[in-house]
Structures are given as structure tokens and as C-alpha cells.
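This report describes a protein model for a reader who works with computed structures. The sequence and the coordinates are shown first.

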Amino acid sequence: MKEDLYAWIENLAFFYILLTAVLQLLPDPGYERYIRMFMGVILVFMLCSPVLSVLGKGEELLDSFQDTWQGEMSSLEKAEQENLQEFFLAEGYSAEIRASILEALKEREIWPREVAVTVEGELVTVVLYMEGKVDQEQEGRIADGMESCGLEEENYSIVDSDSGEPAVADPSPSGADSGRGGSSGPVGG
């Protein structure tokens, strides 16, 4: 009985050392509460294990815990994969839109310095950064190119390097380009 008590105390001490090491190695402090919650459940199991072993229920509880743990881990992995898949689909979609826009503008002899595409759910917004001042004739060709890509005037804006302000409609509801979730880069890239 004495050896069992010492083994139990030794396991608790090892557990606290392991918990401290894991918390120190976390890449993001945001995960700390999840690790603490999980380790708390393990601690409760460890504290109850002597009582459960006397009652003979330790194996049943351990099997139940393993089944629940495996189910939770598989659901977390599935959710993480779905989030990654959505992210890469949005990135690929914005790159495809950018290439389509560049091709349509190239056919109309419009050469933007940069094209920034933002995809937020179903809303696609584009900001064209142009060299020099954009005149009415160029705006018309740009509008034709954007229309051929399926973008309406409220979904894109043109920023010329002379003024630094939009020459056409502002695509974001707040009046400022959010710059999130999109793809941008120079024309040659």
C-alpha cells in the first residue's frame, strides 16, 4: 500500500513537471487555456485513480476517457482541415480572379502597377493601382475589362499614383480597403 501511495505521488509530480514544460513550449499563448483544461481533466482522473482502483472501476473510466478523447481529437482535426481548405480555396480563387483581370486589362492595353483582390465570403473586391493619372477613356476600358470578368463598378476601385485616392467606386463598405484575405502583387509576378 505504501509503494502505491509513493507511485501515485511520483506520478502527480511528474505530471506537474510535464504540464509546466508543455505550457512553456506552446507556440501561441492562446492555446494555453485548452491545454490547461485538458491537463485538468487528466489531473482529476489521476487524483481519483486510487479510489477507482479500490472500487475496480479504473479500467472502465480509462476506456471511456480514451474513446471520448479520440472523438474530440478527430473532430478538432476535421475542423482544422476544413479551415485550411477554405483558406487555400479563397487564396486560389483570388489568384484566379487576379489573373483573369490582368488578362482582360492586357487585352485593352491597360497596365496596372498592382492588382489587389480581396475575397470575403461571396464578396469580391478589387483595387487597381495605376501609374500616373487615369483619364476618362482609360476608365472606360478598365470598366469594360472588369465587366468582362464579372465585376460591377461597386466591386472595384482605381487608385492612381498621382493622387493616391480612388478614381472610381470604393469597394469596401467602410470606405477603406481592408487588405485581408486577398492576393496582391505586381503585374509581372
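## Basis of the model

The model is predicted: local features need pLDDT of at least 70, side-chain atom pairs count only at pLDDT 80 or more, and totals for chains, interfaces and linings use all residues. Residues are numbered from 1 along each chain as its sequence is written, and side-chain values use heavy atoms, with hydrogens and water left out.

## Fold and surface

The protein has four helices and four strands; these are DSSP runs numbered from the N terminus, with helices (H or I) of at least four residues and strands (E) of at least two. Their order along the sequence is α-α-α-β-β-α-β-β.

The chain comprises 189 residues, of which 24% are buried. Here buried means under 20% relative accessible area, exposed means over 50%, and partly exposed lies in between, with a 1.4 Å probe and protein chains only. Of the contacts between residues at least 6 apart in sequence, 57% join residues at least 24 apart, a contact being heavy atoms within 4.5 Å.

## Salt bridges

Side chains of opposite charge can pair when their charged atoms come close. The whole structure contains four salt bridges, each defined by a side-chain nitrogen of Lys or Arg within 4 Å of a carboxyl oxygen of Asp or Glu. One of them joins arginine 113 to glutamate 131, with the closest N and O atoms 3.1 Å apart. This pair links distant parts of the chain, 18 residues apart: arginine 113 lies in the loop between helix 3 (58–107) and strand 1 (114–120), and glutamate 131 in the loop between strand 2 (123–130) and helix 4 (136–148). Arginine 113 is partly exposed at 36% relative accessibility, whereas glutamate 131 is exposed at 53%.

Another salt bridge pairs glutamate 137 with arginine 141, at 2.9 Å from N to O. The two residues are four apart in helix 4, so about one helical turn separates them. Glutamate 137 is partly exposed, with a relative accessible area of 46%, and arginine 141 is also partly exposed, at 21%. A further salt bridge joins arginine 108 and glutamate 107, with 3.8 Å between the closest N and O atoms. Arginine 108 is partly exposed at 23% relative accessible area, while glutamate 107 is exposed at 58%.

## Largest pocket

The largest pocket has a volume of about 620 Å³. Its lining consists of 17 residues, and those closest to the centre are Tyr34, Met37, Trp69, Met73 and Leu76. Helix 2 (32–55) and helix 3 are the elements that give two or more residues to this lining. Helix 3 supplies the largest share, ten residues. By class, the lining has twelve nonpolar, two polar and three charged residues; Ala, Val, Leu, Ile, Met, Phe, Trp, Tyr, Cys and Pro count as nonpolar, Asp, Glu, Lys and Arg as charged, and the others, Gly among them, as polar.

A pocket is, on a 1 Å grid over the protein atoms alone, an open set of points where a 1.4 Å probe fits, with protein on both sides within 12 Å along at least five of seven lines; lining residues have an atom within 4 Å of a point. Grid points are joined across faces, edges and corners, and the volume is the space filled by probe spheres set on the points.

## Individual residues

Tyrosine 16 belongs to helix 1 (residues 2–24) and is partly exposed, at 43% relative accessibility.

Most residues other than glycine have a negative phi. Glutamate 109 has a positive phi of about 55° although it is not a glycine. Glutamate 109 lies in the loop between helix 3 and strand 1 and is exposed, at 58% relative accessibility.
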